[in-house]
Amino acid sequence: MTWICWRAIELSARTQQALLAMEFVTLVVFAVVALVTVYVNHPAHSVEVSASWFDPTSIGFTPLTNGVLLAVFIYWGWDTCVTVNEETEDAGRAPGRAAVVSTLMLLAIYLVVTVAAQSYGGPGLLSAHADDIFSGGLGSSVLGSGLDKLLIIAVLSSASASTQTTILPTARTTFAMARAKAFPCRFGRIHQRFQTPDFNTIVMGIVSIAWFVAIVNVSSNVLGDSITAIGFAIAFYYGITGFACVVYFRHELFQSVRNFIYIGVLPFAGGAMLTYIFVEAIIFDGNPANDYSTPILGIGTPVFIGVGSLVLGVVVMLIARPFYREFFARKLEVADPAVLTDDYVHPALRDGTGL
Amino acid sequence: MGTIVVGYDGSDCARAALRTAVEVARAMGDDIHVVAAYEVSRMGGEVADLAAALRERAERIGALARDQAAGLHAEITSEVVDDRPHAALTDVAERLDARMIVVGTHGEGPLRSALIGSTPHKLLQSAGRPVLVVPA
């Protein structure tokens with residue numbers, strides 16, 4: 001995957017499309033077959049879909065918070081669907097539209113597959129095989145032996161797509177940081193022929209592999225906890241993006257009701273919700289009883305890794321301050337009002353077709 | 001008198017392509033127009049900085065082409081296009097009603113070209129006019 005990201009922009013995009021298509025088709029086939037079987041053959045333990053499944057108020061407060069926390073994690077990376085879905089002709093509007101379409105598609109997939117699995121197997125089967133529901137009998141009994149291997153393809157293609165979308169954005173982010181003079185300038189280099197930030201891509205690939213190998217060798221429980229820990233990072237940066245939006249557009253907030261709602265109230269509410277979940281999660285995961293692995297220094301491992309890495313980031317930033325004076329001397333900036341107009345295209349992307 | 005459009009990315013094979021283009025242009029009495037194209041992939045986010053860096057780079061490449069041409073005692077014009085190279089070359093050649101398009105090749109095999117995307121291969125299908133492919 002590192003090689004693909006480094007070597008070819010075009011191949012990266014095509015790989016991502018192919019992987020997502022495989023995953024999408026497999027899951028839709030699974031869901032449709034499962035639902036049709038439930039209503040036609042009524043297999044043992046199956047339950048018909050009921051409206052109460054969709055009522056968040058019926059489950060109580062703590063399960064709801066935990067559910068939202070899990071949801072933050074499973075929606076992480078939806079922005080990749082945005083880039084894959086993005087049309088190329090209309091650089092001004094397409095990204096926004098693609099974002100909405102992707103989110104809805106993702107929601108539909110999660111909803112339909114979850115409903116199908118729950119309806120086919122009943123709640124008992126789902127909780128008995130919470131770790132791996134597809135191989136826990138559901139796959140082969142829905143699709144029949146042989147075809148159930150398709151579900152493995154869905155899981156594998158999803159994992160590969162995620163791997164790719166871990167390397168690409170981190171390479172891009174460090175590239176942008178290097179250009180803003182907040183990171184070593186070595187990271188601001190583009191490969192002469194492949195036109196990709198090659199150094200960043202390779203470094204990120206190596207770091208990911210090293211981290212994974214190290215963690216797996218410690219124990220698979222620590223792996224589980226570090227996945228939970230990612231939730232903290234996600235809640236943190238999605239949350240801070242919401243607040244940053246309000247601050248960045250502060251001069252435009254009160255220009256119209258529309259502005260106030262779309263760049264004020266909604267992003268702030270999103271930020272506030274994620275902050276709340278962040279705190280709830282620290283309380284829940286900080287309790288060592290909820291860990292997969294042994295707590296570190298009496299703190300739950302996910303909190304140790306998740307919050308610990310954020311704290312480490314602050315320390316590194318403080319150390320970096322004297323070395324990147326120009327960047328840290330920047331004043332709080334204000335958005336260009338033109339950004340909010342319908343036809344706005346970023347200057348760097350103007351008169352271009354993108355992807 | 002016509003125009004010869006040259007695809008240029010600063011690599012050895014692009015330099016070879018420009019050398020050949022200068023020879024052909026002399027024989028024909030044609031003008032040379034160099035295109036430095038770059039593609040900004042939306043995948044991976046944080047597009048703006050990459051796009052700006054790629055544009056700056058393409059402008060430097062255009063300057064490199066003018067330097068090389070000056071060394072060959074030829075005068076050229078150049079432009080930077082934000083598009084996939086084969087599409088950019090096809091469009092510019094169409095606009096100028098060029099006699100031909102000259103590009104260099106890294107000499108990639110058919111499988112590699114199909115997977116990774118080779119500009120000369122795509123150009124042969126999209127150009128709609130003569131294409132001259134020059135190895136490094």
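In chain B, helix α1 (residues 12–28) lies across strands β1, β2, β4 (100–105) and β5, and runs at about 150° to β4(B). Helices (H or I, at least four residues) and strands (E, at least two) are DSSP runs numbered from the N terminus, and axes are lines fitted to C-alpha atoms, for helices over the stretch in contact, with angles from 0 to 180 degrees between N-to-C directions. The structure is a predicted model, in which local features need pLDDT of at least 70 and side-chain atom pairs count only at pLDDT 80 or more, while totals for chains, interfaces and linings use all residues. Residues are numbered from 1 along each chain as its sequence is written, and chains are lettered from A and ligands numbered from 1 in the order in which they are written.

The strands of chain B form an open sheet of five with the order β3-β2-β1-β4-β5 and parallel pairing, where two strands pair if DSSP finds at least two bridges between them. Strands β3 (76–82) and β5 (131–135) of chain B are the edge strands, each pairing on one side only, and the twist averages 25° from one strand to the next. Strand β1 (residues 3–7) of chain B is joined to the parallel strand β2 (residues 31–38) of chain B by five bridges, and B:I4 has B:I32 as its bridge partner in β2(B).

When residues up to four places away in sequence are not counted, B:V6 touches B:A17, B:L18, B:A21, B:I32, B:V34, B:V35 and B:V102, contact being defined by C-beta atoms, placed from the backbone, that lie within 7 Å.

In chain A, the loop between α10 (257–286) and α11 (301–320) contains A:G300, which counts as buried because it has 26 C-beta neighbours inside 10 Å (buried, 20 or more other C-beta atoms within 10 Å; exposed, 12 or fewer; partly exposed in between; C-beta atoms placed from the backbone).

Chain B averages a pLDDT (the predictor's confidence in each residue, from 0 to 100) of 86, and 89% of the residues score at least 70.

Key: Contact = placed C-beta atoms within 7 Å.
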